[in-house]
Number of protein chains: 2
Amino acid sequence: MTTVKTSEENVIMMGGGKASPDVFPGAELTAAATYIFQEKIAEALQYGPRPGYDPLRQRLVDEWNRQDGLDLKAEDTRIVTGAKQGLDMVVRALCSPGGCVIVCEPTYGTGMEIFRANGAQLIGVPNDEYGVDPDGIERALRAVSPRPKFIFCMNDLNNPTGSICSEERREKLVGIAERYGVPIVQDMTYRWLQFEGRPARPLQQFDRRGNVITVGTFSKILGPGMRVGWVHARKDILDRMAPFKSDGGTSPINQMLVYELFKNDGSLELFLEVRRRTYRRKRDVMLEALAEEFKGTGAQWNKPKGGYYVWLYLPGVDTDGLVDGTHALKGTGQAGGPQVIVIPGSHFYAGEPQRGFIRLAYSFEAEQRIRTGIRAVASALLPALRRASK
Amino acid sequence: MTTVKTSEENVIMMGGGKASPDVFPGAELTAAATYIFQEKIAEALQYGPRPGYDPLRQRLVDEWNRQDGLDLKAEDTRIVTGAKQGLDMVVRALCSPGGCVIVCEPTYGTGMEIFRANGAQLIGVPNDEYGVDPDGIERALRAVSPRPKFIFCMNDLNNPTGSICSEERREKLVGIAERYGVPIVQDMTYRWLQFEGRPARPLQQFDRRGNVITVGTFSKILGPGMRVGWVHARKDILDRMAPFKSDGGTSPINQMLVYELFKNDGSLELFLEVRRRTYRRKRDVMLEALAEEFKGTGAQWNKPKGGYYVWLYLPGVDTDGLVDGTHALKGTGQAGGPQVIVIPGSHFYAGEPQRGFIRLAYSFEAEQRIRTGIRAVASALLPALRRASK
């Protein structure tokens, strides 16, 4: 077997969580940039306040309060350079010079890399389809000494499984965090991309002591290149994080671009509706293609209510062995067919992974390429699946 | 004495290193943003490569090689979210979980804050008007065990003193770093803003082993709001830094804006000429005003060949006591006069500061306000200076 270098067009990207270029708002951003660079350049090109651009902080809080009946305050919100920087600041503030962190797994792999790079030891507690497992988390809190520094979870459309945590479990989780005095770091990256059903009540509705830290981003709805995210937390936690906002404040240019897009009442909701429709259609295409290609093969997959990903399960298959170093699925990219990039499931576990999973992103590719991609995925995977079920 | 809240207009900013809004290139940025959001949005709004936008990395290296006869490579360059992030990554990579760092002081205060926030212990070795003191650095390297993790210096227009390190000392410094196997972190933030004489040969011209790490930024020439800087280093050092580029890559939008401004041959040089002229004029205005107000008082100050600052010396005066918590100079802002923001000299020392210094930035304010500001500074400081000289 020879490796053929494939052109970019012949590589179907179902790996990383790239946004759909179909809905990049070019005209709106051009107008916003023109306004900012012509009317507000003295503010845009100067150092901004480290906590963030005040109108954007206020806008975010107004939106959360309106959507979820909360009573959050702009002063407890910090703008960060993407959710990744938020997680980096949280782990440096809460977990230095080391310590344990509970991660509700499978979960966001890059988040775990950031925690580990800063000396955290990760303790995985399994999620299921109803979200985090409060009893498992409590057992881990009791078992580990010194006490873990925080609990990391994604209650809305967990990456990679798409699970949405039930409200009952949310309430229980907040109660446990309160009893043990351990903060919860809730990554809300996909909350605004739930396209079926109403979002569940956010953790903050159950939180009386400020034990909930939320981290979020405009990356998945607007575009990751924007690099604008946020952290909302209790003041003393924000103060501990502040020295680690080491880029000197997120670029005012990017913050003002985001603000200009969403400053008017209803503008964010309208924007989100279009994105939800787009990603829903892409999800449907991938689910249809999976049903066609994998029906009756023993493979299983979820039907996510939002977000970017399908979590494919191939019983008995060692999925780590199915990709090369660049996450290209072996067996794709041959004889003129497309190469497909995917992420093996082990990436989403803190410790010993559950075997047999692959994450497939439907977010980036156009519909026809999703179909083509899934056909190629099936051709590559079905032999392994047949071998495993023998 | 009552404190009167002053309006923004009545506050003269000679504190932080803010850029001159007179030379913010609004039209050029509008054109660049329009092009990027209309023609390149699929790249601008997506995740960029973590090492940086390739054309910008290449452009930077071409520029350095042309200006200084170097032979640097784009692959050894990383784009970072301002020089601050570069320093943050360097200290996390080289000085974890702690250790000593030699800083050639007085030097960049925020840089030292970043080092300290990450657990570094700072050892100050004094600069003088000819730059760093290689013998002092060698003594510190011999005296401290375990060996310091790196040497931090600003050889071109040191912040705050404006000193330019002699080439003889540069060569000696590189030799010492080589002998002791300790990297030099050279902050080149102001190098492009030298408006008198030719810049000295950069450290890299003496460096055969890759012991020199350079950190720089577009903040001072273009505007701090852009948040685009760079690190150039040996590959193994870059690899150690990589996990701490935790924002997931500097925004491609900002990188592409910078690239569009400077992509044509000669465009950067032309741009720099205008900025050098602007800051030179501001410097001259401040020096004239200082001469008028402080002549014969015993105060001394440097005549910087570039950069943003004058370093004012008031023999015998405790300058820490002259400012309030917001760095407003006490005695300014009264009876309708302007309040002046300055930075007391102690901010620029790792340990026990040399007494009697104040840093005055001429970079931000318009010429007339520089004059007004210096008059207010003189009214506030002369009584303290007279008391001290009794």
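Visitor: Which element gives the largest share of the lining of the largest cavity?
Guide: Helix 3 of chain A, with three residues. Bear in mind that this is a predicted model. Helix 3 (54–68) and strand 7 (212–217) of chain A each supply at least two lining residues.

Visitor: What is the volume of the largest cavity?
Guide: About 130 Å³. A total of 14 residues line the largest cavity. Closest to its centre are A:Trp64, A:Met188, A:Arg191, A:Trp192 and A:Trp230.

Visitor: What makes this space a cavity and not a pocket?
Guide: A 1.4 Å probe fits in a cavity but cannot get out, whereas a pocket is open. The search of the whole structure finds 11 cavities of 30 Å³ or more.

Visitor: What is the volume of the second largest pocket?
Guide: About 1000 Å³. Its lining counts 40 residues, and those closest to the centre are A:Tyr47, B:Gly16, B:Gly17, B:Lys84 and B:Thr110.

Visitor: Which elements give two or more residues to that lining?
Guide: Helix 4 (82–94), helix 5 (109–117) and strand 11 (339–341), all of chain B. The largest share is that of helix 5 of chain B, at five residues.

Visitor: How many disulfides does the structure hold?
Guide: Zero, over all chains. Take A:Cys104: its nearest cysteine sulfur, on A:Cys153, is 5.0 Å away. A disulfide needs the two sulfur atoms within 2.5 Å, so A:Cys104 is in none. In chain B, the sulfur nearest to that of B:Cys153 belongs to B:Cys104, again 5.0 Å away.

Visitor: Is A:Cys104 buried or exposed?
Guide: Its relative accessibility is 1%. Buried means under 20%, so A:Cys104 counts as buried. B:Cys153, at 0%, is therefore buried too.

Visitor: Where in chain A is A:Leu329?
Guide: In the loop between strand 10 (309–313) and strand 11 (339–341).

Visitor: Why is A:Leu329 called buried?
Guide: Its relative accessible area is 2%. The cut-off is under 20%, so the word buried applies to A:Leu329.

Visitor: Which residues does A:Leu329 touch, not counting those up to four places away in sequence?
Guide: A:Leu322, A:Val323, A:Val340, A:Val342, A:Ile358, A:Val377, A:Ala380 and A:Leu381. As for A:Gly266, 63 residues apart from A:Leu329 along the chain, the two C-alpha atoms are separated by 42 Å.

Visitor: Which members of the largest nonpolar core touch the most other members?
Guide: A:Phe218, A:Phe294, B:Phe218 and B:Phe294, in a core of 218 residues. Beyond four places in sequence, B:Phe294 is in contact with B:Ala299, B:Trp301, B:Leu312, B:Leu314, B:Val377, B:Ala378, B:Leu381 and B:Leu382.

Visitor: How can chain B be laid on chain A?
Guide: By a turn of 180° and a shift of 0.0 Å along the axis, with an RMSD of 0.0 Å. The two copies are thus related as by a two-fold rotation axis. The C-alpha of B:Ala33 is the nearest to the axis in chain B, at 3.2 Å.

Visitor: What makes you say that the same surface serves both copies?
Guide: The contact residues: 100% of those of chain B recur in chain A.

Terms used:
Residues numbered from 1 in each chain as written. Chains lettered and ligands numbered in written order. Predicted model: local features only at pLDDT ≥ 70, side-chain atom pairs only at ≥ 80, totals over all residues. Heavy atoms only, no water. Buried < 20%, exposed > 50% of the residue type's maximum accessible area, 1.4 Å probe, protein only. Core = buried A, V, L, I, M, F, W, Y, C linked by side-chain atoms within 4.5 Å. Contact = heavy atoms within 4.5 Å. Least-squares fit on C-alpha atoms with pLDDT ≥ 70 in both. 1 Å grid on protein atoms, 1.4 Å probe; cavity = no way out; pocket = protein on both sides within 12 Å on 5 of 7 lines; lining within 4 Å. Points joined across faces, edges and corners; volume = space filled by probe spheres on them. Helix = DSSP H or I, 4+ residues; strand = E, 2+ residues; numbered from the N terminus.
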